[in-house]
Number of protein chains: 2
Amino acid sequence: MAAATAARSVRRSATRLASSDVATFRSWLDGVDAVLLDCDGVIWRGTTPIPGALAAIDALRAAGKRVVFVSNNSTKSRATYVGKLKRVCGIESTVDDVMSSAFAAASLLASKKLAPAEGHDQVGVFVVGESGLHEELRAQGFRTIGQDEGGGKPFDFAGFDVASLDGGVRAVVQGFDTEFSYNKLALAASYIRYARAEYVATNTDETFPAHGFVVPGGGSMVAALRTGCGVEPEVAGKPSPRLMDLIAAHIGVPASRCAMVGDRLNTDIRFGNSTGAQTALVLTGVTTAAQAEASKGPERPDIVLDSIADVTALLAAASE
Amino acid sequence: MAAATAARSVRRSATRLASSDVATFRSWLDGVDAVLLDCDGVIWRGTTPIPGALAAIDALRAAGKRVVFVSNNSTKSRATYVGKLKRVCGIESTVDDVMSSAFAAASLLASKKLAPAEGHDQVGVFVVGESGLHEELRAQGFRTIGQDEGGGKPFDFAGFDVASLDGGVRAVVQGFDTEFSYNKLALAASYIRYARAEYVATNTDETFPAHGFVVPGGGSMVAALRTGCGVEPEVAGKPSPRLMDLIAAHIGVPASRCAMVGDRLNTDIRFGNSTGAQTALVLTGVTTAAQAEASKGPERPDIVLDSIADVTALLAAASE
């Protein structure tokens, strides 16, 4: 309880830690059993590692903290993430250490326990997304379609018939998709509107940084579909509290004993704060120090670090 | 003034006219010099004429009303519209009788009097839209690009450089685009974010009816871009009051002496009501009688007609 009180007082001032702020850091991490780390902007940017990320994760693990990688990137399967963590940062992990929004979306859909449509063995899913999202859905027993609808394929206005929709599809799952097109948009909207398909989005990140510039994120494409079909999606990734329930069940640690570390106020920090976790913002991603200072309410982090690399020295000092 | 008072009283009750409601219709049309007609859902559906549309327009013209076709469809040039009016409905018109959202967007952009970028002869426009939008922009002196960015062309994440953007582009204009893709979305967002391009949308219609089903409209794609770039567009088409200023200047009739007839509450009726025009809803498009009954405030039409065809008999009765 002392730790929680301290965290709240820090939250109000959102102190930017120097390495001397050991007591503040210690009170923030005290009572935390698991550290949930966003990936892009925290441990890497694209395919470039954030310097010191591996050492920080080793230090957290050495301090007895369970480290979980929590990413809104929906394009990769968890298995692919394990490979990328090793390749980019040298981090060892298993799929149980990875919670991606693609896995979260598949898990959310599985939790609905939809029955296959009559005459079908599996629940069909129309996917607006990339291969990692297909993989995670298939791993949880869904039949996925939609992968052939991009690549410049035109929507068939003249030939389209509602009756021609795949009768086995009971859900649309949408994530980031570089093959997003009007054809995919119109088909997804038709499944939701006419086949009453459930609508699940992996995440609603408006943008993400790529090689020194910012591009539209999956949330921009979700905006198109929800506008085009008139239905709000259920969101599986950050900042949805559903994701914390999934993580807590998977690792056996309640949210109140988790700390969320991320670079985005409206996903990572909102996610942690709204679920009762501790929160830390790092300045190696999309948020500037000035934006962190100006943050308010559920988007105000408990603490701000220049980089995840600061954790190594802070932990060392705290254990002296 | 008497007519205006009568119209307001009808607006509050939104009477659905039978052909006996001649007095109500007469007071609605009294003092109106121009009738602005939406096209899709009013005089045709797709390429099928609404029965009686030609006769109704002939009757309005015979009664001395200027008829203007006001469409949010951004895919056709005004010249193409003149051809379609003749081909589908047998209606004679000139380009001066047509106010499309593509023309409105080009006019809105022209009104900004942007200077060409240094080293360029023309103001460049990145277009997310179809050929009619390109044509209207070129007709007003703009150089347009973007027509080669659809068709399945991938966005070049690895090779993209902000410096590689066309230095002459000073605006992004977005309309309905069946070749809408992530590549177009990312390029348009980059022009707005990094080249500080003006952002104009032809319209924000969420959906439109096509061959018996509803598909996402240009507004769904505008939702994607404004989410992805964080900038709100200036909207040129209905319900933007800018469009009424453009129409009034073009035909020399003030909004207070115009009547807007359409099938959509949140575009046509809002447009007319918010600019001080008379409004009539027809039930041959996307709005049901129940939705018309439930309409409120700026989306409540003065009167409701089953079809534009009713105008012929009502005018005949009113002149008896």
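**Exercise 1. Find the polar partner of the B:Thr75 side chain, then describe the surroundings of B:Thr75.**

Step 1. The side chain of B:Thr75 pairs with the side chain of B:Asn73 in a polar contact of 2.7 Å. A polar contact is a pair of N or O atoms within 3.5 Å; within protein, one must be able to donate a hydrogen and the other to accept it, and residues adjacent in sequence count only if both atoms are side-chain atoms.

Before going on, some ground rules. This is a predicted model, where local features need pLDDT of at least 70 and side-chain atom pairs count only at pLDDT 80 or more, while totals for chains, interfaces and linings use all residues. Residues are numbered from 1 along each chain as its sequence is written, chains are lettered from A and ligands numbered from 1 in the order in which they are written, and side-chain values use heavy atoms, with hydrogens and water left out.

Step 2. Locate the residue. B:Thr75 sits in the loop between strand S4 (66–71) and helix H4 (78–89) of chain B. Helices (H or I, at least four residues) and strands (E, at least two) are DSSP runs, numbered from the N terminus.

Step 3. Check its accessibility. B:Thr75 has a relative accessible area of 16%, so it is buried. The classes are buried (under 20% relative accessible area), exposed (over 50%) and partly exposed (in between), with a 1.4 Å probe and protein chains only.

Step 4. List the contacts (heavy atoms within 4.5 Å). Beyond four places in sequence, B:Thr75 meets B:Glu130, B:Ser131, B:Gly132 and B:Phe176.

**Exercise 2. Which residues does UniProt list as "binding site" in chain A, and why do they count as one spot?**

Step 1. Read the record. The unreviewed UniProt entry gives "binding site" at A:Asp38, A:Asp40 and A:Asp263. They span 226 residues in sequence, yet no two of their C-alpha atoms are more than 8.1 Å apart, so they gather at one spot. The unreviewed entry also lists A:Asp38 and A:Asp40 under "active site". UniProt positions are in the numbering used here, feature names are shortened, and annotations may be inferred rather than shown by experiment.

Step 2. Take A:Asp38. It is in the loop between strand S1 (34–37) and strand S2 (44–45) of chain A. Its relative accessibility is 7%, so A:Asp38 is buried. Its side chain makes a polar contact of 2.9 Å with the side chain of A:Lys238.

Step 3. Take A:Asp40. This residue is also in the loop between S1 and S2 of chain A. At 26% relative accessibility, A:Asp40 is partly exposed. A polar atom of its side chain lies 2.8 Å from the backbone nitrogen of A:Gly46.

Step 4. Take A:Asp263. Its loop runs between strand S13 (258–262) and helix H10 (265–274) of chain A. A:Asp263 is buried, with a relative accessible area of 2%. Among the residues it touches are A:Asp38 and A:Asp40.

**Exercise 3. Describe the interface of chain B and chain A.**

Step 1. Start with the area. About 2600 Å² is buried, and carbon and sulfur atoms give 72% of that. Buried area is the accessible area (1.4 Å probe) that two parts lose on being put together, summed over both.

Step 2. Find the leading residues. B:Phe157, B:Tyr182 and B:Phe213 supply 25% of the area that chain B buries against chain A, more than any other three residues.

Step 3. Count the residues. Chain B gives 34 residues and chain A gives 34 residues.

Step 4. Count the links. There are 0 salt bridges between chain B and chain A. A salt bridge is a side-chain nitrogen of Lys or Arg within 4 Å of a carboxyl oxygen of Asp or Glu. There are 6 residue pairs in polar contact across the interface, both residues at pLDDT 80 or more.
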